[in-house]
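Here is a friendly briefing to read alongside the sequence and the 3D view. Take a look at the chains first, and then we can go through the contacts together.

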Amino acid sequence: MTVTTQRLVQAEDSPYALSHLDALEAESVHIFREVAGEFERPVILFSGGKDSIVMLHLALKAFAPAPVPFALLHVDTGHNFPEVLAYRDRAVAKHNLRLHVASVQDFIDRGVLRERADGLRNPLQTVPLLDGIESNKFDAVFGGGRRDEEKARAKERVFSLRDEFGAWDPRRQRPELWSLYNGRHAVGEHVRVFPLSNWTELDVWQYIEREGIELPEIYYAHRREVFQRDGMWLTAGEWGGPKANEPVETRLVRYRTVGDMSCTGAVDSDADTIEAVITEIAASRLTERGATRADDKMSEAAMEDRKREGYF
Amino acid sequence: MSTTRAGLTQTGTATSLLRFATAGSVDDGKSTLVGRLLHDSKSVLADQLEAVEHASRRRGQEAPDLALLTDGLRAEREQGITIDVAYRYFATARRRFILADTPGHVQYTRNMVTGASTAELAVVLVDARNGVVEQTRRHAAVAALLRVPHVVLAVNKMDLVDYAEPVFARIAEEFTAYAASLGVKDVVAVPISALAGDNVVEPSANMDWYGGPTLLEHLETVPVGTDPSVEPARFPVQYVIRPQSEEFHDYRGYAGQLASGVLRVGDRVTVLPSGHTTTVAAIDALGVQTEIAWAPQSVTVRLADDIDISRGDLIAGGPAPVPTKDVQATVCHLNERPLHVGAKVLLKHTTRTVRALVKEISYRIDITAPIEEGGLEQRPAPEGLNVNDIGHVVLRTAEPLALDDYTDNRRTGSFILIDPADGTTLTAGMAGEAFDTVSTTDASQEEDWV
C-alpha cells in the first residue's frame, strides 16, 4: 500500500537528525524569542521547581551572550521549602536578574486573603499572582506548565490569552497553527506563555541530566522528618502540620515536584543521583502530580477550575 | 524492565520525535484507539487509570471508559463530547510521540487543520463496516491540504466484519487512490480493532493474511523530518541580540529558528525583503560557536556586512523567494465571523506581521464531492468564507512578504490572519494553490448542491 516516498530521511541515519531533546529545546527557544520580539513587559514565573529552573536555563541559552531580557516573578506562599528559597536567591544573583515577589502572607496580613480551614496555601496564590501581574503591567507571563501534567493542561495553548481578570476560557481559545503564535491582546489582558508545553516529566529530567543543571537538594533522596496525611508524606513545619494524631517519623525521601509545603508530598526514595532519579521515574506507576499534589485531588476538575480563576 | 515507562529502556540513547495527528468521525472509535495506544504502550499510569475507573463507576458504567482519559474539560465530561484539539504524549524505546488528538464532530475541519499543521503523519480512521465516507474524504483532503507527509489509513472495527481481508482491501484501495489523487505521497493502510487490540500495538492473531506493520510499529519507524540538505535555507529573523557589554561590545546577532535547509559559515545569503546580499560570518548555537546549522535548530547568525536587519526579515540561502504584496493563498477559515471581501486584517507570516486587505475570495473548495466526480469542486463564494470553509483568496499586503509556496515549505509558506480589533485568529493560510487538481463547477450545477 506504500506509494512513493521522496525527500524524506530516516532521522536516525541522517547527519541532520535531531534528538527529541534537541527538537524540544529548539521549539522552546523559538517561543522565548517570539515573546521577546512581540511583548513590552514579559516576566518568568519562577517557583524554584525543576520546570521553572529548566525554563530559566532555556531563556539564558536563547539570548546568549546577552542577558535574559525578562524579570522573574515568584509567588511566595509563605510556606516554601527553605532550600528552594535559597536556590532562588542564588540564581537571581548569579545571572544578575530582577526578582519580583508576590507574597501570600502579605495578603493574609493585610486581610485581603483568609487562611483556609485545611491550611492549603496553593489555592491562595491566584490573588497575589494576578495582583503582581497587574501592578507591574506584565503583558506576557511565562509559566513552566506542561501539557502532560494534567488533562485540563493538555488543552492549553502555548500562548494562552487571559482576560482582565486573568481568567482562562477553554471554549474561547485561539486555534494555534504551525509555529505562528498570536500574542495580540487588549490593554489589561495578558498572555500566559508555556514554553515547556510539549515536554514530559522525563524530558525535563533527561534535559537536566544532559545540561548538567543544578537543582535544589530536595529533589534528591535525603532524610527528613515527615508525617502522613491523606496518603502523602508531608514535611513537619510551622504551617499547620503535624496535628496531634499525626506522628512524625524520619524517612528517606525526595520530592518529585516543588510547591507549597502544605500540599506537596515527598515520595519514599533512595535516588540520590540524577541517574537514579531518572531510573526511578521511568519505573514509577504514578504520575508526578498523582503522587505528590494534594490540591489536584480536591475534585475531578480542580486544575481546570483554578485555571479559570487565573491560576496557572 | 517491562514495567519501565517506555523511552528509557536505553538510557543515554537519543530518541527521535514524531508529531502526528488523529482524525476520525464521531463513532469510528478514535477515543478507543487513542486510549489503546496510550494504554498498551504503558503510557497510562496507575493513578490515571484509577481516576478513570472511579469516574466510570460513579457514572454507573461497568467497564472503565478510556475516553475519560482524553476528555479533560468539565463541559466535555458533562456532554460526553470532545471540544478541542488536545495533545498527548507517549513514548517507546525507539521514539517519542506528540499526538494532536483532534475531535471528529461538527467543528472538525478547523480542529483537524490545527492538529495537522504541525503533524508529520496523520492517522485517518474509518469504520470497516462503512468504508470510505464523506468524513474520510474530508480528512484525506485536509491532510493533503496541510501537506502532511505521511498518511495512515486505520481500518477499524475489523472484528465486526469477521476480520475479512476483502473488506480491508477494498477500503484501502479506494482510499489510497483518492489520497494519491490529492497529492498525498505516502499512504499506509492497517487493519485494526482498537477495542480488541488487533494490530494497534500487538500483531493480530485474527488477521494472518496481513503482513504489514502494526500501527505502533509504523509510527515508530516512519521517517521523520525532511532532508535539510536538499532544501534552500530559510531563516526568519526573530530577535536581534546586542549584548552591549564590554566583552561583546560589537556583537550583533540575528536570532531565529531555521525554517528549512542548512546554513554554513561562509554561505552567501540574501536578506529579504531588502534584497541585500552578504555572507554568514558566524553561527552561535545557543551560546556555542558552530560551523553549520540546519532546520529546525534555533541559532543566532552573524553576518559579514553591516546591513539594517530587524525582526520580520528573512535570511535566505539558495534560490530566494521574490517579495510580493499580492498574496494568493488557500485558506481555512477558523472563526465564526465570516471572512468577507474588503476585510482589513493583520497577516502574520513567520516573524513578520503586516496589514492586509482581502481583495478577492476566488472560490470555496467543496472537499466532500464524490471521488468519481473528481473529488474536489470549486464553488462560488459570494457570501464569503464561513467557519470551517476552505477556499482560495487574494490578499494585498501593506509591506512586501518573502513567501514560499506552501507546497515547497510548510513554515515559510504558511500564515495566519488576525482581526486587528480584538486579536482573534481568523484564518489559516497556505500560499499558492492547495491541490494540483481542482475541478470547476459551472453555475448551472450550483442548485444541486445548495
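How many salt bridges does the rule find across the interface of chain A and chain B? There are 6 salt bridges across that interface. Please keep in mind that this is a predicted model. Chain A and chain B bury about 7800 Å² between them, and the structure holds 40 salt bridges over all chains along with 20 aromatic pairs over all chains.

**The interface of chain A and chain B**

- The contact draws on 80 residues from chain A and 111 residues from chain B.
- Of the roughly 7800 Å² that the two chains bury between them, 55% is on carbon and sulfur atoms.
- One salt bridge to look up joins A:Glu34 and B:Lys348, whose closest N and O atoms are 2.8 Å apart.
- On the chain A side, at least two residues each come from α1 (20-38), α2 (50-63), α6 (201-211), α7 (274-283) and α9 (302-308).
- Helix α1(A) gives the largest share of the side of chain A that touches chain B, with 13 residues.
- By residue type, the side of chain A that touches chain B divides into 36 nonpolar, 20 polar and 24 charged residues.

**Salt bridges within chain A**

- As background, side chains of opposite charge can pair when their charged atoms come close.
- A:Glu25 and A:Lys61 meet through their side chains in a salt bridge, at 2.8 Å from N to O.
- A:Glu25 sits in helix α1 of chain A and A:Lys61 in helix α2 of chain A, so this pair ties together parts that are 36 residues apart in sequence.
- Are these two partners buried or exposed? A:Glu25 counts as buried because its relative accessibility is 7%, and A:Lys61 counts as buried too, at 17%.
- A second salt bridge brings together the side chains of A:Glu211 and A:Arg210, at 3.1 Å from N to O.
- Here A:Glu211 counts as partly exposed at 22% relative accessibility, and A:Arg210 counts as partly exposed at 36%.

- In chain B, B:Arg396 forms a salt bridge with B:Asp326, with the closest N and O atoms 3.0 Å apart.
- That pair links distant parts of the chain, with B:Arg396 in strand β21 (residues 390-401) and B:Asp326 in strand β17 (residues 324-333), 70 residues apart.
- B:Arg396 has a relative accessibility of 36% and counts as partly exposed, while B:Asp326 is partly exposed with a relative accessible area of 36%.
- Back in chain A, salt bridges that share partners join A:Asp22, A:Glu25, A:Lys61, A:Arg210 and A:Glu211 into one network.

**Aromatic rings**

- The rule gives a count of 20 aromatic pairs over all chains.
- How are the rings of A:Trp199 and A:Tyr207 arranged, and why? Their centres are 5.1 Å apart and their planes are at 85 degrees, so the pair is edge-to-face.
- A:Trp199 is buried, and so is A:Tyr207.
- In chain B, the rings of B:Phe20 and B:Phe97 have centres 6.1 Å apart and planes at 85 degrees, so this pair is edge-to-face.
- B:Phe20 belongs to strand β1 (residues 16-23) of chain B and B:Phe97 to strand β3 (residues 95-101) of chain B, so the pair ties together parts that are 77 residues apart in sequence.
- Both B:Phe20 and B:Phe97 are buried.
- One aromatic cluster is formed by A:Phe32, A:Phe63, A:Phe70, A:Phe142 and B:Tyr239.

**A closer look at B:Ser117**

- You will find B:Ser117 in helix α5 (residues 108-117) of chain B.
- B:Ser117 counts as buried because its relative accessibility is 4%, under the 20% cut-off.

Technical notes
Residues numbered from 1 in each chain as written. Chains lettered and ligands numbered in written order. Heavy atoms only, no water. Contact = heavy atoms within 4.5 Å. Buried area = accessible area lost by both parts, 1.4 Å probe. Salt bridge = Lys/Arg side-chain N within 4 Å of Asp/Glu carboxyl O. Helix = DSSP H or I, 4+ residues; strand = E, 2+ residues; numbered from the N terminus. Nonpolar A, V, L, I, M, F, W, Y, C, P; charged D, E, K, R; others polar. Buried < 20%, exposed > 50% of the residue type's maximum accessible area, 1.4 Å probe, protein only. Phe/Tyr/Trp six-rings, centres within 6.5 Å; stacked < 30°, edge-to-face > 60°.
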